[in-house]
Amino acid sequence: MARLVFIFVLGMTMMLGGVSLSSSLSAQAVEVGHDGTIIDDIMSPKRLAILGVAGSYSASLLISRGKETVIPDGVPDSLNPIDSPAR
Amino acid sequence: MTSHSSSGHSGLTRISKITIKLLVMLIFAFAAYGVAGMGVILAMYALSFVALGRDSEASHGISNRESSRLGGLAIGIIFAVFILVMFLLSPYTPGVVRDPLHIYLWSAVAACCLLGLSEDIAPDLLSPMLRLILKMGVFGLLLWVAPAMVPKQIGILGIDTLLGMPLLGWLLATLFCVGFINAVNMADGANGLIPGIVLATMIMFFLVYGRPAEGVLVFACAMFLIFNVISGWYFLGDMGSYGLGAIVACYGLLGVAQGDFSAGLMASFVAYPCIDFIYSILRRLKAGRSPLAADDGHLHNRLHRFYAPYFRSKVLPNSLTGLSISGATAGLSLLVFLNGWLPVESTLWFVVFGFEVLMYVLVIRLLTTHQYCNP
């Protein structure tokens, strides 16, 4: 029982490492003004190790698609494209 | 807690087989989704030991080993935790929080998941009629409060006329959604069959919309597919088939209604559950039986009986059956989509759907003849 709980918690922690990296990539892309450095860096060893090939590609696609439509928190609602499909 | 059964083998062999399967799953997960993917496999592995919602051997589809019905719950946990943490860590508010339409849509999905979970944990808790009424209620209410989800036309003469009338359109769309999740539940009888179809469909949704929710669903479905196909320790269960079926039905309706893709494209991706559902009903009516009575005359049952003699393994023919069908239907559609051979809005996707119908009829006839001659 304790062994299975440990495996479950370990597994979820490893998954959260991936969530954390993809979220920080998204934040970094906003900070650097979507200059392409984050989007094009699909094959960096750190990204491949934590997110894998499909995960790294998905993160880049999400950041790329969000470039035009995602507005960070703190920006007035009037500027947010509520009905935009990429949000 | 309980252990995975494997009758006829020593404890040592069982442990080593489980370890080898786990290692193979971890390698595939790492290649696709890195450490995060390996984490999901470990979490699913731990969850598969939960005593709740277990099926004995041969009590589900074509499986012949003890497995958990909580695959849908595992996908749900992965999806919910991923989205929640991403929501907390990301510096922006996702659209689903701002857009009422998506709140209604996900509420309906959650209701379907809960309905399925109750069946997984306590089978026959709700009578089939009550379940049907509840599903009709959920989708009827969703499409009533979100009429934008009802397509005005799908490119088929006659049906377009009916869809043009608001009340009839609502009724047709409600019946379609309820029928579709029942069809998905009925077709969930082989490893990787429904997970493969849903994964291909989610990849298409993700590439069309590029939203985090679809990305996470692709991730969760891909990990479940790896786990399901290699180990056979999980079924989607009612929660998985109702929940994933509801997501595909709602996204599909909304996408067609908004003109993001054609009804033909959606039909080609989800062809197998729809064709198998209709064919099974017709087959049972022809034999003078109840149209909804369970039997083993589905294409996946027949294909499994065809594969089984060629393998010593019990899981391999089961997984090969599921992957053959999902690959030949949704996989074919994904191939056409990824290569851009047809525009997403094209009604020519109905030709792909027609080809899949033809393949289904041909293969089931061939298998029926083969199994009649070689019982």
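Helices (H or I, at least four residues) and strands (E, at least two) are DSSP runs, numbered from the N terminus. The expected span of a helix is 1.5 Å times one less than its number of residues. These views show a predicted model, in which local features need pLDDT of at least 70, side-chain atom pairs count only at pLDDT 80 or more, and totals for chains, interfaces and linings use all residues. Residues are numbered from 1 along each chain as its sequence is written, and chains are lettered from A and ligands numbered from 1 in the order in which they are written.

**View 1. Here is helix 9 of chain B, residues 212–231.** From first C-alpha to last, its 20 residues reach 28 Å, close to the 28 Å expected at 1.5 Å a residue. Helix 9 of chain B is mostly covered, with 20 of its 20 residues buried (20 or more other C-beta atoms within 10 Å of a residue's own, C-beta atoms being placed from the backbone). Just after this helix, look for G232(B), which takes a positive phi of about 70°.

**View 2. Meet helix 4 (residues 100–121) and helix 5 (residues 128–145) of chain B.** Their axes (lines fitted to C-alpha atoms over the stretch in contact, with angles from 0 to 180 degrees between N-to-C directions) come within 9 Å and cross at roughly 175°. The two helices are therefore roughly antiparallel to each other (an angle over 145 degrees).

**View 3. Chain A has two helices and zero strands.** Of the 87 residues in chain A, 32% are buried.

How values were computed. Buried ≥ 20, exposed ≤ 12 C-beta atoms within 10 Å, placed from the backbone. Parallel < 35°, antiparallel > 145°, perpendicular 65-115°, else oblique.
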